[in-house]
Amino acid sequence: MAGTLLLGKVVAKVLPPRSGPVRQTGGVQSRLSLWHRVVGTDPARTRLTNAVAVTVAVLLSVLAAWLIVRFRMHDSGLLSVSVLAALQVSTSIKEPTPRGRLLTTALSVIPLVAAPAIAISLDRWRYVEIALFILLAGAVTWARRISARMGELGMIAFLAYFFALFLRPPLDELGYFLLVFVCLWAAAVLVRLALLREHPVRQFAVLLDELRATSRLVITGAVGADPHTARASALTTGIGRVDDVARAIGGWQVHFSTEAILGLDAEDLANQVFDARIDVEHAALEIANLIRREGRLPARLTAPLDDLTTVLSRHPDPAATAAAAARADQLLADADDTDPVELTAILIARATLAHQRLRAVDLSHRRRVVTPAEKPSPPRPAPEHIGRLAVQAMLAAGLAALVGESIDASRWYWAVMAAFLIFVGSTTRTTVLHRAWHRVAGTLGAVAVGFVVGVALSGPSLWHIALALVSVFGALYFGPVRQWLGAFFSTLLLVAVYGLLGILHPHLLTVRVEETAAGAAVGVACAFLVFSISPRPALAAAINGYFDALAALLTQIEQTVTGTVDPPALLAATDHLDAAHARFTADIGMLYPAYTPGRWSRAGELRYLTGVGARAADHAAQAALHRMREPAAPALTVDQQASFHEAVAHVSAGAAAARTALLEHTRVDVDPEETTVLDLSEQLGGSPRSAITQTMLMLSRVNWAMLRLATLREQR
């Protein structure tokens with residue numbers, strides 16, 4: 001019986017194929033909709049709100065620039081600067097709180113005025129102007145060492161200087177040029193003021209809706225899952241979306257007072273969200289595993305799935321959800337937990353009850369407004385790395401200026417921008433390379449669209465302004481998801497700007513590609529050849545962070561089962577592991593080339609196996625919490641405690657072996673097929689439905705993942 005729940009134990013390959021015919025099981029189409037693929041990465045709609053707000057700020061700045069051009073008869077190029085500068089100022093400010101963003105925006109008027117004034121004043125001394133631009137690239141990179149805000153203000157100064165080079169207004173028009181910058185600054189401040197007031201109840205309601213929507217997609221995906229099609233990958237993606245929404249709710253609880261706003265105990269709400277997330281994921285995985293073994297969805301699961309779907313629907317009848325919860329409660333009381341199908345029905349019923357408890361949260365009453373808690377600032381790179389990056393960025397900017405001038409003397413600054421921007425946010429040579437090819441790929445795509453725009457639209461028009469606004473929104477909303485999308489929409493914005501200037505033609509777009517590619521190549525060369533920063537320490541830190549968090553959670557699980565720890569500590573440990581795994585999966589895509597000796601280049605398998613380990617550990621934590629809450633749970637005997645301690649120690653040893661194999665590239669002597677934890681589970685006794693058995697089964701799944709990580713380099 002225990003083996004039926006050990007996902008992956010009987011799977012022939014670690015990763016199923018990602019292509020094949022589309023098949024329906026039970027008549028359910030399981031592919032994620034395009035909408036949920038897009039918004040699933042933004043569960044709290046934070047990016048959407050920011051993208052709309054900045055687009056409005058750009059529109060206001062364009063309106064102000066249009067008034068200046070119309071009534072003062074100045075160059076229409078001011079319109080293009082208002083679009084570009086408004087976008088870059090807004091995207092450069094990344095403070096974690098609304099008040100912090102407002103303060104940085106207010107301070108940005110200093111570099112917005114000073115930098116272009118200096119650039120325009122130096123127009124007569126071209127080489128001094130270029131030299132200062134290059135020095136500014138290094139200074140901006142080094143400013144990150146002081147504080148995040150100084151880095152952001154330095155970035156704004158660099159961009160404002162660049163826009164002066166881009167338009168090159170005469171000195172007698174400096175006042176009007178600076179007036180445009182002041183207007184776009186005022187528009188940005190107005191938008192930040194409008195966003196200062198937050199709506200925590202509305203945000204929480206959106207998060208709950210998204211949690212139910214992603215859970216519904218995961219369940220339908222599990223019903224249609226087939227390990228020989230892309231559906232298995234879609235199920236894994238859907239489960240990741242559920243994790244993202246649950247983490248976003250946790251972030252909401254950090255940002256706001258749960259008790260003051262919702263009238264709920266923060267720990268109780270965290271437990272309810274944790275149960276809803278884990279129960280849905282557990283049920284989905286067991287449904288998929290059952291269908292894989294049986295070839296179809298057992299008829300016994302149809303009614304429990306209908307009840308779960310009712311509770312997860314967007315606007316259900318309260319009487320219908322109450323009836324569904326009552327049937328789920330009755331199923332838990334009557335089901336036979338010795339049968340795999342019945343046990344899967346129990347998991348579905350548990351997910352139904354968990355989400356029904358969240359539906360009981362009252363969002364209709366107005367609560368007193370509470371000042372949000374300050375979020376911690378994001379960590380900055382190590383100071384010694386920033387010094388190296390500053391030298392690399394400055395040298396790359398200087399070389400890019402020479403190469404760019406040889407390509408086109410009037411557009412050399414695009415090469416400098418490309419060389420500089422790939423260093424922004426980078427900490428190693430591999431991340432620089434990653435950002436470089438994303439920038440070049442996005443630029444190529446946008447230039448292809450630009451050729452079409454140049455043919456379809458002739459001369460400045462309102463369509464160019466509309467394209468600019470769409471590009472602004474796209475850069476802000478999609479750019480954080482994929483770097484090449486950010487480069488694509490930024491270049492598309494440039495296409496719109498060239499259209500507004502009336503100079504959009506194929507040669508100019510070709511020069512844009514050449515300058516970008518040249519600047520990116522120079523930047524990569526400097527990153528690899530000058531004070532090169534190896535990605536190995538960064539990846540080792542990500543690996544250690546994951547395994548440290550896993551070890552801490554295993555310790556908390558052990559202490560919870562033996563009754564020596566409180567639930568908040570266990571939930572905090574699961575959050576820590578989830579965050580560490582998220583950082584690891586984000587880093588592995590950019591850093592894994594450093595870990596590719598010989599034939600070992602399996603970043604996808606690393607993501608999959610570490611994900612299995614993290615998710616199974618979370619499930620074990622939930623089972624341990626359930627045992628603590630069981631009113632009639634018998635205390636473990638001395639022998640049972642010894643067996644449980646041995647099981648945790650065995651899993652910890654497997655995790656240590658996996659860490660050693662990944663960090664030191666050494667062969668570890670382990671048997672990936674051993675079942676020690678399952679054997680110890682049988683010694684504990686208890687029904688398959690009991691919390692202690694579930695804890696052991698999930699620990700066995702963690703052990704399965706760790707042993708395969710330990711032998712990953714040996715797999716062909």
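Predicted model: local features only at pLDDT ≥ 70, side-chain atom pairs only at ≥ 80, totals over all residues.
Colleague: How many helices and strands does the protein chain have?

Modeller: There are 28 helices and 0 strands in the protein chain, where helices (H or I, at least four residues) and strands (E, at least two) are DSSP runs numbered from the N terminus.

Colleague: Why is H355 called buried?

Modeller: Buried means under 20% relative accessible area, exposed means over 50%, and partly exposed lies in between, with a 1.4 Å probe and protein chains only. H355 has 0% relative accessibility and therefore counts as buried. This residue is found in helix α16 (residues 340-359), and, leaving aside its neighbours within four places in sequence, H355 is in contact (heavy atoms within 4.5 Å) with L211, R212, S215, A276, V280, V311 and L312.

Colleague: Why does R126 count as partly exposed?

Modeller: The relative accessibility of R126 is 26%, so R126 counts as partly exposed. R126 is found in helix α7 (residues 126-143), and its contacts, apart from neighbours within four places in sequence, are E405, A409 and W412.

Colleague: How do you know that L712 is buried, and where does L712 lie?

Modeller: L712 is at 0% relative accessibility and so counts as buried, and L712 lies in the segment after α28 (691-710). L712 and A661 are 51 residues apart in sequence, with their C-alpha atoms 8.5 Å apart in space.

Colleague: What makes a set of residues a nonpolar core, and which residues touch the most other members of the largest one?

Modeller: A nonpolar core is a set of buried Ala, Val, Leu, Ile, Met, Phe, Trp, Tyr and Cys residues joined through side-chain atoms within 4.5 Å. The largest nonpolar core has 96 residues, of which F133, F158, F166 and F181 touch the most other members. Helix α8 (residues 148-167) gives the most to this core, with 13 residues, and the core draws at least three residues from each of domain 1 (38-198) and domain 3 (383-533), the domain bounds coming from an automatic or database domain assignment. A second, separate core of 57 residues includes I278, I543, L577 and L625.

Colleague: Why are α5 and α9 called roughly antiparallel?

Modeller: Axes are lines fitted to C-alpha atoms, for helices over the stretch in contact, and angles run from 0 to 180 degrees between N-to-C directions. Angles under 35 degrees count as roughly parallel, over 145 as roughly antiparallel, 65 to 115 as roughly perpendicular and the rest as oblique. The axes of α5 and α9 come within 9 Å and cross at roughly 165 degrees, and α5 and α9 are therefore roughly antiparallel to each other. The contact is made by R101, L102, T105 and A106 of α5 and W185, A188, V189, R192 and L193 of α9.

Colleague: Which residues of α5 are buried, and what covers them?

Modeller: In helix α5 (residues 98-107) the buried residues are P98, G100, L102, T104 and T105, and what covers these includes α6 (109-121), α8 and α9 (174-194).

Definitions and conventions
Residues numbered from 1 in each chain as written. Heavy atoms only, no water.
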